[in-house]
Every structure is written in structure tokens, then in C-alpha cells.
Amino acid sequence: MWGFIRRPAHGRLLPTGIRTGLRWKLSAAIALVGALVAVALSLVVHNAARVSMLDNARDLADERVQIAQRNYDLSGRPNFPSIKIDDPDLPSSLRERVEHGRRATYVSDHSGEVPDIWAAVPVKDGHVLSLHTRITDRSTDVLKDLDQALVIGSITVVLGGSALGVLIGGQMSRRLRKAATAANQVAKGEPDVRVLDAIGGVVRDETDDLARAVDAMADTLQQRLEAERRVTADIAHELRTPVTGLLTAAELLPPGRPTELVLDRAKAMRTLVEDVLEVARLDSASERAELQDILLGEFVTRRVAAKDPETEVRVVHESEVTTDPRRLERVLFNLLANAARHGKPPIEVTVEGRVIRVRDHGPGFPEELLAEGPSRFRTGSADRAGQGHGLGLTIAAGQARVLGARLTFRNVRAAGAPEHVPAEGAVAVLWLPEHAPTNTGSYPMLK
């Protein structure tokens, strides 16, 4: 199948290209090779058959001119059909050979015409006996029938090769598509998926080697990520107690500016430790949503009013959803905190059905975040002078996954404005699912 693709890469569009399936490439390759072989064999067979017919015709003409020579030697006159003495139309090359006392044959091949067969022999009185004939109609018909059979055979070989290529390429393409699907599932965080099991098949080939390599790589990465998660969680857990003690001790200090600075840094450290622990729990994929039925517009309005009364909330369309209110509130507050920290007022929250939009009027999201998504400990500030540790959007994205929701990010630009024009704001969009995941992580079946 042919198609045109254009994929984003770090915020840019790749040049348009043509994409073809493996089965069609393999089919075209087999058909091309089959066509080349068929044409080559057809030419060889045609030339061999033609040369054989011409040789037979020359042998026959040579036998006839020898009989005519013997009769001429006995009777002194040509008494064999089509025999001529000193024919003026005799080809010059043939005449030269005969004048040297040799019997010879000659084929005069004219483009697009039936070849002429000449045979000549010198006789004892110095004359030249010659015979001029042409390929018989029967031989010409046989050659035409052979060419027709070769053409039909070549077409059959090409079509058969194409069909074989489609079958073989289709099998390989299906296995590779299954492998790609399984690899994407592994990339999305499904550790139980194995590429080798997904592709199946009885015959083993290089696809199975690729699947084993992908599975081994996925297992290694999973082990490293799990080890990293455990180390991060253990470190954060061990830091929680001393940080809590530090905060308690700071609260006992006498009032003053130094005490305020110590309390501020201690609270920031406690927040960082709690965020790291939350990220570790989300990475473990063990979190499950505790579902409740809520009116989304009313819920968002109340929570935003309690968090920041100056933020405008607009409910375009009210909708009842089944979700985890605590996790939804966490996502909403993190988006608001990110907009307040990195954007500019006014901050606007819009609820439309199952969709929540949080917009600010700042410089927009970094291009790296738009291309790759949120990343921990990266705020998008090149000089690292910005506030925050980059975990807010990471936690929001992780909580959205637990809810079965989708969190997207984009920048707002004027219609038709080029990419280099600064953005007029950033928009984070939370798409809640129609059917939220259950406590086991699965989705309810529709009845």
C-alpha cells in the first residue's frame, strides 16, 4: 500500500515521503527479477531456435548444391531445381570463397524480412553453381509460435512471481506489524507483553531474532527502571523522616527573617520529597483509581475557587463523569500551579463535557515538552534559574494515566503565524474517558 506520511520531530515537520509495504516491495522485486530472467531466457531460446533453423536450412541447401554439382559433372548442364550458373545476384563474400575453390553457404539477413539462404560450389569448367532459397513458411510459423509461447510464459512467470512475493511479503509484513504493535505496547508500559509471543508462527527467521532482541532490551530496561524507581523511592522515603524533623525544629525557632527562610526551604524540601515519592508510586503502575460519580463542571468550579478565586472558570457544557476526585483534583491543581509559575495571567479554565482546558497567556510550553511530553527535573529553563523541579506536569500526566485520561499540551498562536513567532499562551487539555478504569485497572464492559 502506498501512502504519504508527515511526522512531527521536535516540533518540526519532516519532509513528505512515500511509504510502501514490505509485501509490495518484495513482490515488485520478485516480479522484476522474474521479468529480467524471463526476457533473458526468451532471447536465448529465440536466438538458439533461429540459429538452429538457419543451420538446418544451410545444411539442406549445401546438400542440394552438392547433388547439383554431381549431376553437372555427369551431364554438363544444371538439371536440379533452382540451380543457377554464375548467378549475378550471388553475394560478393560468397563469390570470393567459391573463387578460391571452396564450397560455401551464406545467410543474407534483412531486417524485418525472411533470411535468404545461399549455397555455391565451383565446378570443373570454372563456372559457379549456386542455389538461392528462403526459410520455409512452416519454419517461420514455428518460430512465431515459439515467440508467442515465450511471451505467454514470461507473463505467467512475472504474475506468478508477483503473487508469490505478495504471499511471502504478506506473511513477513504481518509478523513485523505484530512485532511493532507489541513493541508499542511495551513502550506504553505493559511489561507482560512479549514480542516473540505476539508474532507467533511456525517457521523461524530473522524476525524471531529481532523479537528476542527487543524482548531482551525491554526486560533490561524494565529492570533498570525498576531499580531506579526503587532507589528513588527508598531515598525519598528515608529523607521524609529527617525532613519532617527539620521542619518541626524550624517551627520552634524564634520569629524572624532567618526562621522564615529556613521554614521556606524546609517546606520546599518536604514538597520535593513527597513529589518524588508520588512519581515513584506512579511509575510502579500499582496505583488504582477510586471511582465516584461527579458533575465535572461543578467539581472544577468549586475546587478552582478554593485554590485561586481569581482564576476564571467557564462551564460550556456540564457532564456527569465517573472518576477519582482526589486524583482529578491533583491533576487540576498541578496544571494551575504550572500556569501560575511559568505563564502569565489571566488563567482560564474551561469545562466542556468531559474535557478540561487550562490556559494561560505566557510564553507557552517549551518545544521539548511539546515534542516529548513532561520530563521530571526539567522545567524548560535553559539557565536553570526558573522556579520548580519539573515534577508537577510529570505527576499530572501520571495521575491522568491512572484515571484512563489523556493529557495534551499545545501553544496558542495567531492564525497563520509562523513557528518563530512567540506564542500567545499555553493550553493543557485533559480528556477524561467515557468509561473510567475499575479498581483492577481494567475497563467496564458495555451492556
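Entry 1, terms. I count angles under 35 degrees as roughly parallel, over 145 as roughly antiparallel, 65 to 115 as roughly perpendicular and the rest as oblique. Helices (H or I, at least four residues) and strands (E, at least two) are DSSP runs, numbered from the N terminus. This is a predicted model, in which local features need pLDDT of at least 70 and side-chain atom pairs count only at pLDDT 80 or more, while totals for chains, interfaces and linings use all residues. Residues are numbered from 1 along each chain as its sequence is written, and side-chain values use heavy atoms, with hydrogens and water left out.

I found 10 helices and 15 strands in the protein chain. Of its 447 residues, 32% count as buried (under 20% relative accessible area; exposed is over 50%, partly exposed in between, with a 1.4 Å probe and protein chains only). I then looked at contacts (heavy atoms within 4.5 Å). Among those between residues at least 6 apart in sequence, 60% join residues at least 24 apart.

I looked up helix H7 (residues 296–307) and helix H8 (residues 325–342), whose axes come within 11 Å and cross at roughly 50°. Axes here are lines fitted to C-alpha atoms, for helices over the stretch in contact, and angles run from 0 to 180 degrees between N-to-C directions. H7 and H8 are therefore oblique to each other. On the H7 side the contact is made by Leu 296, Phe 299, Val 300, Arg 303, Val 304 and Lys 307. On the H8 side I listed Pro 325, Leu 328, Glu 329, Leu 332, Phe 333 and Leu 336. The residues of this contact divide into 9 nonpolar, no polar and 3 charged. Ala, Val, Leu, Ile, Met, Phe, Trp, Tyr, Cys and Pro count as nonpolar, Asp, Glu, Lys and Arg as charged, and the others, Gly among them, as polar.

The axes of H8 and H10 come within 9 Å and cross at roughly 155°. That makes H8 roughly antiparallel to H10. Among the residues that meet are Arg 327, Val 331 and Leu 335 in H8 and Leu 393, Ala 396 and Gln 399 in H10. I sorted the residues of this contact into 7 nonpolar, 4 polar and 2 charged. In H10, 9 of the 11 residues are buried, so this helix is largely enclosed by the rest of the structure. Just after H10, Gly 404 takes a positive phi of about 75°.

A nonpolar core is a set of buried Ala, Val, Leu, Ile, Met, Phe, Trp, Tyr and Cys residues joined through side-chain atoms within 4.5 Å. The largest one has 34 residues, and Val 300, Leu 328, Leu 335 and Leu 430 have the most contacts inside it. Elements giving two or more residues to this core include H7, H8, helix H10 (392–402) and strand E15 (426–431). H8 supplies the largest share, 7 residues. Leaving out residues up to four places away in sequence, Leu 335 touches Val 358, Leu 393, Ala 396, Leu 407, Phe 409 and Ala 428. A second, separate core of 15 residues includes Ile 83, Val 121, Leu 131 and Ile 135.

I found Leu 146 in helix H3 (residues 137–187). Leu 146 counts as partly exposed because its relative accessibility is 26%. Leu 146 and Ser 42 are 104 residues apart in sequence and 9.3 Å apart in space, C-alpha to C-alpha.
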